[in-house]
Structures are given as C-alpha cells and as structure tokens.
Amino acid sequence: MGGFEHPQIAEMAAALERSGYRFLWLHGRQHQRNSVQSDLWNGVPIATWPVYAEQQSNAFQLVKDLELAMQLTLDYRFKNPHKLVPFNEIEKAIRCLMDDENPVRRRVKEIGKKAIEALMDGGSSFISLRRFIEDPLVAQK
C-alpha cells in the first residue's frame, strides 16, 4: 500500500529528469519520519501525493489550510491503484514548485526561517522553554 508500481516509478523518473532540476531520490523508510517537519524547517518545498491512511488529510491541511505545499494529487492511491499520474503532470508540478516566484515556495522558506529564529536566544520557543524550566507553574498558564 505504501509504494508505487514500476509504471508509476518510470513516470516519476521521467518527470524528474525532464524537469532539469537536481534531486535526491530517497527509497524506503530512509526519510519518512518527520519528513514534512524537516522539510519545512529547511525551507524545502513539498508536493503532496498521499498514498494511504492519514496522508490525505495531512496533504489537504498542508495545501489548503496552511498553504505550505503544492498539490500534485490529493487522491488516495488505493481508491484507484491503477491510475497512473503521467510524467507531464508531475513535471509541471515540479517546475511550478521550484519556481522562485511561486508563493508557496516563498512561504515555506519564510516558515523555515521563523522556525530557526524561534529556537535562537530570545526566540519564542527558547523563551517558552526557559520559562518552563524556571517555573513549571508559569508555563501552564
């Protein structure tokens, strides 16, 4: 349920190659844990392609509610496992996502900077953690 068949992988590879952008193809469970959090932290743009379970609601929230990702598809793959997303649609999404003028790309970079600032001395997370350590009762208010 969590993978793609060879024909879809071939479409993805063709799209990535035709896009002209450099990429890192991660396979398996190497990058799944906290990948969205990590990508946002590092200002990396995200294209959603939910495969199963809560991924569809996560994708919808990232695309529609938070405007921090672009929709490649919001459809569950297991609803129609034989539906092939063609390379030209994937390539179009990649080019759009990588465009420096894309507002989603700019917003993700901005959120990444804010996340880093929050952890720096004087940042909101830094201050909250200090308050919690100094007086747990204050942090609960």
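Tutor: A crossing of helices is left-handed if the near helix is turned anticlockwise from the far one by less than a right angle, and right-handed if clockwise. This is a predicted model, in which local features need pLDDT of at least 70, side-chain atom pairs count only at pLDDT 80 or more, and totals for chains, interfaces and linings use all residues. Residues are numbered from 1 along each chain as its sequence is written, and side-chain values use heavy atoms, without hydrogens and water.

Student: What handedness has the crossing in which H1 passes H4?

Tutor: The crossing is right-handed.

Student: Why are H1 and H4 called oblique to each other?

Tutor: The axes, which are lines fitted to C-alpha atoms over the stretch in contact, cross at roughly 45° and come within 8 Å. Angles under 35 degrees count as roughly parallel, over 145 as roughly antiparallel, 65 to 115 as roughly perpendicular and the rest as oblique. H1 and H4 are therefore oblique.

Student: Which residues of H1 and H4 make the contact?

Tutor: Among them are Met 12 and Leu 16 of H1, and Phe 87 and Ile 90 of H4; contact means heavy atoms within 4.5 Å. The residues of this contact divide into seven nonpolar, two polar and four charged.

Student: Where in the protein chain is confidence lowest, and where highest?

Tutor: On pLDDT, the predictor's confidence in each residue from 0 to 100, helix H7 (residues 136-140) is lowest at a mean of 59, and H1 is highest at 94. The protein chain averages 84. Where pLDDT is low, the predicted coordinates should not be read in detail.

Methods: Axes fitted to C-alpha atoms, helices over the stretch in contact; angles between N-to-C directions. Helix = DSSP H or I, 4+ residues; strand = E, 2+ residues; numbered from the N terminus. Nonpolar A, V, L, I, M, F, W, Y, C, P; charged D, E, K, R; others polar.
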